Amino acid sequence: MNDMLQSAMNGKRRAGQLDLIKHLKGKKIGRKQAIRAKCYDCNGMGESDICDIDTCSLFPYSQFKPSGKKRHQEEEDRAGDRQKW
């Protein structure tokens with residue numbers, strides 16, 4: 001068994017763990033499952049509860065992102081910037 005699969009199997013139980021294990025075993029997974037699996041991997045096999053990498057292209061879809069309040073505020077800020085042009 002490869003190291004990454006072993007790490008995923010021994011990682012904390014969080015969203016994306018089973019998706020990553022399924023992928024590493026060579027089974028087909030969907031887009032949503034792939035996003036959850038990558039976020040689980042990136043967050044140290046579930047070690048971290050919150051993702052703070054807001055520059056990641058998957059951040060809007062991550063189950064580990066902070067509450068929606070921060071994201072909503074950022075969207076309002078960007079909308080305000082567009083109106084200035």
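Let me begin with asparagine 43, which sits in the loop between H3 and H4. Helices here are DSSP runs of H or I with at least four residues, strands are runs of E with at least two, and both are numbered from the N terminus. This is a predicted model, in which local features need pLDDT of at least 70, side-chain atom pairs count only at pLDDT 80 or more, and totals for chains, interfaces and linings use all residues. Residues are numbered from 1 along each chain as its sequence is written, and side-chain values use heavy atoms, with hydrogens and water left out.

Is asparagine 43 buried or exposed? It counts as buried, at 10% relative accessibility. The terms work like this: buried is under 20% relative accessible area, exposed is over 50%, and partly exposed is in between, with a 1.4 Å probe and protein chains only. Setting aside residues up to four places away in sequence, asparagine 43 touches Ser48, Ile50, Cys51 and Phe64. Contact means heavy atoms within 4.5 Å.

A disulfide is a covalent bond between the sulfur atoms of two cysteines. The rule used here asks for a pair of cysteine sulfur atoms within 2.5 Å, and the count comes to zero disulfides. Cysteine 42 is partly exposed at 48% relative accessibility, whereas cysteine 39 is buried at 7%.

Cysteine 39 also takes us to the core. A nonpolar core is a set of buried Ala, Val, Leu, Ile, Met, Phe, Trp, Tyr and Cys residues joined through side-chain atoms within 4.5 Å. The largest one has twelve residues, including Cys39, Cys51, Phe59 and Phe64. H1, H2 and H3 are the elements that give two or more residues to this core. H3 gives the most, with four residues.

Last, the charged pairs. A salt bridge is a side-chain nitrogen of Lys or Arg within 4 Å of a carboxyl oxygen of Asp or Glu, and by this rule there are three salt bridges.

One joins aspartate 49 and arginine 14, at 2.5 Å from N to O. Aspartate 49 lies in the loop between helix H3 (31–42) and helix H4 (68–83), and arginine 14 in the loop between helix H1 (3–10) and helix H2 (17–24), so the pair ties together parts 35 residues apart in sequence. Arginine 14 is partly exposed, at 28%.

Another joins arginine 36 and aspartate 19, with the closest N and O atoms 2.8 Å apart. Arginine 36 is in helix H3 and aspartate 19 in helix H2, so this pair ties together parts 17 residues apart in sequence. Aspartate 19 is buried at 9%, while arginine 36 is partly exposed at 25%.

The remaining pair is aspartate 41 and lysine 38, at 3.4 Å between the closest N and O atoms. They are three residues apart in helix H3, so about one helical turn separates them.
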